[in-house]
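Biologist: Please take a close look at one chain for me, starting from the side it turns to its partner. Then walk me through what lies behind that side.

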Amino acid sequence: MTTTMTRPVGTAGPMSPDASFSAIPFSRLLRVEWGKATDTRASRWLLAAVAASTVGLMLAPILSPSSIEQSYTSYLGFAAVGLSILLPVVAILTLTSEWSQRTNLTTFTQEPRRMRVVISKIVVSLILGVGAAVFGALVTAAGLGVAAASGRTLDADLGAGLLVAFVAYVLLNIMTGVALGALVHNSAAAIVASFVLPIGFALLGQASQLVANWLDYSTAFTWLLNGQWSGHTAQILVAVALWVAAPLAIGLVRTVRREIN
Amino acid sequence: MITTTALTKSYGNAPVVRDVSLHCEPGTITGFLGPNGAGKSTTMRMLVGLARPDHGTSLIAGHPFVELPNPPRVVGTLLDPSAMHAGRTGRATLTIAARMAGVSTDRVEELLDRVGLADAADRRVGGYSLGMRQRLGIAQTLVGDPQVLILDEPANGLDPEGIAWMRRLLRDFADRGGTVLLSSHLLHEVQATADHLVVISHGAVVASGPMDELLASSSLLVRTPDPDALAAALRAARVEYVAGPDRTFVVDVVGGAVTTETVARIAFEKQVLLTELRHSDSGGLEQLFFSLTAADAAPTQEAAA
C-alpha cells in the first residue's frame, strides 16, 4: 500500500496532518455533561418528580401541626427527605445512562481520558445537588411562611451549622447515587440497589445494633442532618467511606479499565 | 494515516486478533473485509482505545489514539450506529458532538443538511431507522473536520441510494487527502468503495494491498472469428496461449508483461479481427475472498473425500 500524496511543498492541505489541537478543556466537558444530564425527556420528568416530592413532603408539617413538631429544622428535615428520595436516581442515571444507552462508544472516542468524563459527570451531579438544596431551602421557607400566615408559632431553631448539615446531607445522598452508578454501570440494577440496600440494612439494623450503628447509612446521614455529631462522628465517617468513597473508587477504576463493546 | 503493528488480542484462550498490521495512507480508502466474527470490530475498537491489545501498537496521525488531545478533530469514529441515546433528537445528538469537538454549532445545521437529515432533525433518534442512524453517525464523525475516518460496517441499513451517497462522500473525503478505514462483510460493497484492501480471517490478515493488484486476474480472454490467424499471430509474437471453446483463447499475462494492449496490437498488426478482449472472469474479489476465508474449511472437505 503505497499511495503518496502529491502536494506542493509548503502549502497546507485542506486537512492538516497536524494533531496538535488543544485538549478539550474541562469547562467544555462540564457543559456537555450538564446538557446530557438535563436534556432528555426522562431527565426532566425525574427532576420535576424531585421537585414534586419535596413540595409534597412539605405539606406534611403544614397539614399536621398537632402531630409534627413546628420548628424550622423540622420543616427543613422534610425538604431534605423529599429531595433524597429521587435525587440519588438522578445521579445514578447521570453516571449509568451512557453505559445503558451505549453512547460511551462515542463519548470515549471523543475524550479517551475517561476519568475526565466521569469527574465532569460527578461535578454535574454535585451542581444539581446544590441546586436541589437551594430549591429545598426555598420550599422550606415557603412552607414556614404558610405556617406562619396561619397564625402558628414556629420555633426558629435553625443555625448556620444545621443549614450546612442540610446541604451536606443532600450532597451525600447524591454521592451515594454517584458511587453506585459509577460502580454498577447499569441504570436498572443501580436504581434497584439504591432502594433495596437502604431497606435491607434498615431491616438488618433491627436485628443487629452493630449493623444499625455502623452499616446503615440512612441512620448515619440522619445524625448528620440533625447535627448529632457528638458520639456519631466515627459512624458518619464510616458510612461515607463505605457507601460513597469505596464504591466510587472501585467504580472509577472499573470505568477506566472496562472495554467498551 | 493509520498504522498498526502486530495488534494481538485474546479473550480468555480464544485469540480474536492476531498480529494485525495495517497501514492506511492519506488519500486512500481501505476496505477491511472479513466474515462476521473475523476480528474487524475488535481491531477497530483497539485503534480508538475502547479495547486494550495484548500486544502491538496503533497510531493515528502519528499518535496513539488515547494521546490525541482532541480526538474528534483528528479522527471521526463510527463503530455502532445503534449506540445512540434514543431519547435525544438528531440535532441534539449532533450538537453534543459539535460542542465536544469545540466547533461552531452552525456546523450542525450544515451537516444535518449534508447527510439528508434536515427534515428529521427534531425527531428523537429512537424513532430513526438504522439507515438514518448511519447518516447521523456519519455526520457525527465529520463534525470535527477530521483527517481520518474509522467506520465499522457503514453501509449497514442504508438503501442503495444511501450507499451510493456514502461512497461519493468517502471518495470525496479521501480525494481531499483524508484517510478512510471501513469494514464490511459485504464483498461488493468493499469492491465498489475502497481502493485498498485488507482481508482478515480468524483474526489474522490473509491478504492486503491495492485493490486492483489483488483483483488483477492472471489471464486474458480473447475471442475472434478467425482462430487460426490469431493462433499464428500469437505464436509469431511468442505469446503463450491456450485455445478455448467457441473460438476463444486464454492468454497468460505473465505477471503483467502481457496486457490487453499487447494482444490488441498483435491482432492489429496481423489484421485479425477481435470480437472480445478482456481480463478473464476470475470472480473478482468474491473468489479471492472465499478462497482466502474458506481455506480452513477446505482440509475438512478433503479429509472427508
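Modeller: On the chain B side, 47 residues are in contact with 33 residues of chain A. Contact means that two C-beta atoms, placed from the backbone, lie within 7 Å. This is a predicted model: local features need pLDDT of at least 70, side-chain atom pairs count only at pLDDT 80 or more, and totals for chains, interfaces and linings use all residues. Residues are numbered from 1 along each chain as its sequence is written, while chains are lettered from A and ligands numbered from 1 in the order in which they are written.

Helix H2 (90-101) and strand E10 (204-210) of chain B each supply at least two residues of the side that touches chain A. H2(B) gives the most, with five residues. Helices (H or I, at least four residues) and strands (E, at least two) are DSSP runs, numbered from the N terminus. By class, this side of chain B has 21 nonpolar, 18 polar and eight charged residues. Here Ala, Val, Leu, Ile, Met, Phe, Trp, Tyr, Cys and Pro count as nonpolar; Asp, Glu, Lys and Arg count as charged; the others, Gly among them, are polar.

Six strands of chain B form an open sheet in the order E6-E7-E8-E4-E9-E10, with mixed pairing. Strands pair if DSSP finds at least two bridges between them. Strand E6 (75-78) and E10 of chain B are the edge strands, each pairing on one side only. From one strand to the next, the twist averages 10 degrees. Angles run from 0 to 180 degrees between N-to-C directions; axes are lines fitted to C-alpha atoms, for helices over the stretch in contact. Helix H4 (residues 130-142) of chain B packs on this sheet. H4(B) touches E6 and E7 of chain B, and its direction makes about 160 degrees with that of E6(B). Within the sheet, strand E4 (residues 29-33) and strand E8 (residues 179-184) of chain B run parallel, joined by five bridges. B:Ile29 stands opposite B:Val180 in E8(B). H5(B) lies across E4, E7 and E8 of chain B, at about 150 degrees to E8(B).

Now one loop. B:Asn156 sits between strand E7 (148-152) and helix H5 (160-175) of chain B. B:Asn156 counts as partly exposed because 18 C-beta neighbours lie inside 10 Å. The cut-offs within 10 Å are 20 or more other C-beta atoms for buried and 12 or fewer for exposed, with partly exposed in between. Leaving out residues up to four places away in sequence, B:Asn156 touches B:Leu130 and B:Gln134.

Next, a hairpin. Strands E1 (residues 2-11) and E2 (residues 14-20) of chain B pair antiparallel over four bridges. B:Tyr11 stands opposite B:Ala14 in E2(B). Two residues lie between E1(B) and E2(B), and B:Gly12 in the turn has a positive phi of about 65 degrees.

Chain B is assigned domain 1 (2-214) and domain 2 (218-279). Such bounds come from an automatic or database domain assignment. The two domain centres, taken over C-alpha atoms, are 44 Å apart. Four strands of chain B form an open antiparallel sheet in the order E12-E13-E11-E14. Its edge strands are E12 (241-243) and E14 (276-279) of chain B. Here the twist averages 20 degrees from one strand to the next. Helix H9 (residues 260-269) of chain B packs on this sheet, touching strand E11 (219-223), E13 and E14 of chain B, and its direction makes about 160 degrees with that of E14(B).
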